Amino acid sequence: MKKTSILAVAALIVGLCSSSYAASNAQKKIKKNAEKEWTLAVFLNADNNLDRFGVADQEEMSKVGSSDFLNIVSLIDREDGPASINYIEKDKITKLKDMGELDMGDYKEFVKFVKFVKENYPAKHYCISFWNHGSGWKDKNDTASVLKGISYDDSSHNHISTNDLTVALTEANKILGKKIDMLCFDACLMQMVEVAYAAKDHVDFMVGSEETEPGKGAPYDDILKTLKKGMSPKEFAINWVNAYGDSYNGGSQGKAKSTQSALEMSKLPQFIDAINGFAKVGMSKDYSRFFRQMNVYTQKYAYPDNMDLLHFVELMTEPTGLNSLEELKKQNVDEALKTAIKKLQAAGKQLIIANRFTTPEAQESKGIAIFFPTSYYCPWLYQDLAFAKDTLWDDMLEAQGGYAVMNRISDDVKKGDLESLAKLVKDAKKNPKNKVYRKVLVQLNYIADTERAVPAKSKAEFENLRNGLKSAIAK
């Protein structure tokens with residue numbers, strides 16, 4: 001969700017008035033070119049309210065332009081016009097091919113673009129930039145909340161989901177005969193563990209933002225100036241992050257809230273192992289109140305369910321200056337959790353090779369976000385992600401969610417308030433297989449038979465509900 005600004009509109013006016021775009025807009029015969037060292041291919045979906053920024057970003061690319069070692073190719077779909085493939089040189093944007101109206105929310109169009117690039121502008125290294133709105137992991141069919149994914153097309157009302165992204169990158173690898181050297185998300189909220197996991201087998205380096213991006217997005221002229229002959233993909237990924245950060249820290253793009261980081265994807269398996277280790281410890285006992293309180297103070301982004309994972313675990317071991325948190329840590333951070341945190345932090349240092357933020361509001365951004373709602377509610381669409389299927393993260397959320405439900409009902413029962421218990425019994429009759437209900441029943445038995453903490457005035461109703469829960473889960 002790139003944001004508009006007065007400066008961005010000014011940049012647009014300059015871009016639209018530039019004679020270079022109009023003068024070089026004539027279509028020419030495409031011929032296969034000799035392999036160069038680098039090709040930057042920008043899948044530029046501006047068929048939405050970002051249209052003017054797409055035009056301005058192509059103008060930024062033309063300030064540097066293609067060279068003897070670099071090709072710059074874009075597929076741009078305009079909001080009120082057809083799509084085209086362009087070759088971008090110094091002060092010159094040449095239309096190579098009219099594409100008509102495209103559904104840039106269909107991953108197949110991305111695959112076709114990669115095929116065109118490979119056939120006509122082959123290179124030793126490929127940097128592919130997804131340019132558009134971005135919103136993290138959620139599937140395009142999730143109607144229960146804000147839709148998430150990337151490449152939103154306002155004409156088709158379609159976009160590429162996280163699962164679609166894996167399919168698209170798999171096909172791209174087949175076409176290129178190799179992994180993509182750099183995958184850059186010039187879009188909001190895409191630097192998440194869930195998205196990285198979707199790209200893990202297909203990309204060497206991944207660059208993106210944990211937070212929403214400013215309207216201008218990536219400063220392509222600043223970034224491309226850093227690319228030199230002989231530069232490795234790792235060096236370019238680091239340069240991309242630093243050029244981006246500099247541009248929004250009083251540089252060419254002014255001063256704005258932004259984040260940007262680069263991941264070395266060969267290190268992702270160790271990071272995932274460390275996440276599993278943390279989740280396994282997190283499932284071992286009731287951390288629900290502790291994790292929720294830590295979550296409240298963790299760096300968050302436009303979607304509050306997105307938190308910085310490394311800041312979350314850092315809060316558990318580093319001094320915060322907040323007495324309430326320090327007391328909670330003493331009660332909850334045992335040796336098993338400390339060990340799991342250290343392993344996760346060490347793996348994070350290996351994975352994140354560059355990280356920048358530009359304002360105090362984002363100063364605890366460590367480079368990668370993850371889904372962690374304070375409610376612990378894990379929607380079924382999240383569970384459909386490869387990350388959720390293959391790891392223990394969602395299992396930990398479910399386990400702690402169960403403890404949270406159990407704690408809330410226990411507190412209510414002891415006060416004589418049985419409304420939450422009645423609702424749970426009703427839900428249990430509809431879905432008796434949920435493991436949470438058995439945990440709650442064990443806790444209810446302890447409250448009633450061991451602690452004898454059920455108030456006399458609510459004992460009769462309590463017994464009816466307890467028996468109702470027993471009957472529901474016995475089925």
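Tutor: Let us begin with Lys115 and Glu119, whose side chains meet in a salt bridge with an N to O distance of 2.6 Å, the term requiring a side-chain nitrogen of Lys or Arg within 4 Å of a carboxyl oxygen of Asp or Glu. The model is predicted, and local features need pLDDT of at least 70 while side-chain atom pairs count only at pLDDT 80 or more, although totals for chains, interfaces and linings use all residues. Residues are numbered from 1 along each chain as its sequence is written, and side-chain values use heavy atoms, leaving out hydrogens and water.

Both partners belong to helix H4 (residues 107-120), and because they are four residues apart, about one helical turn separates Lys115 from Glu119; helices are DSSP runs of H or I with at least four residues, strands are runs of E with at least two, and both are numbered from the N terminus. Lys115 is partly exposed, with a relative accessible area of 42%, and Glu119 is likewise partly exposed, at 39%. Here buried means under 20% relative accessible area, exposed means over 50%, and partly exposed lies in between, with a 1.4 Å probe and protein chains only. In general, side chains of opposite charge can pair when their charged atoms come close.

By the salt-bridge rule the count comes to 25. Another of these pairs is Asp51 with Arg78, whose closest N and O atoms are 2.6 Å apart. Asp51 lies in helix H3 (residues 51-64) and Arg78 in the loop between strand E2 (70-77) and strand E3 (83-89), so this pair ties together parts that are 27 residues apart in sequence. Asp51 is buried, with a relative accessible area of 12%, whereas Arg78 is partly exposed at 25%.

Glu264 and Lys234 also meet through their side chains in a salt bridge, at 3.2 Å from N to O. The two lie 30 residues apart and link distant parts of the chain, Glu264 being in strand E12 (residues 259-264) and Lys234 in helix H8 (residues 233-247). Glu264 counts as buried because its relative accessible area is 14%, while Lys234, at 35%, counts as partly exposed. Salt bridges with shared partners also join Glu314, Glu364 and Lys366 into one network.

Glu210 is found in the loop between strand E9 (203-208) and helix H7 (220-225), and it counts as buried because its relative accessible area is 1%. Its side chain reaches the backbone nitrogen of Ala369 at 3.3 Å, which falls under polar contacts, namely pairs of N or O atoms within 3.5 Å in which, within protein, one must be able to donate a hydrogen and the other to accept it, residues adjacent in sequence counting only if both atoms are side-chain atoms.

Trp393 is in contact with residues including Ile275, Phe278, Leu309 and Phe387, leaving aside neighbours within four places in sequence.

For the chain as a whole, there are 19 helices and 15 strands, and buried residues make up 57% of the 475 residues. Among contacts between residues at least 6 apart in sequence, 74% join residues at least 24 apart. The C-alpha atoms fill a box of roughly 85 × 45 × 45 Å along the principal axes.

Key:
Contact means heavy atoms within 4.5 Å.
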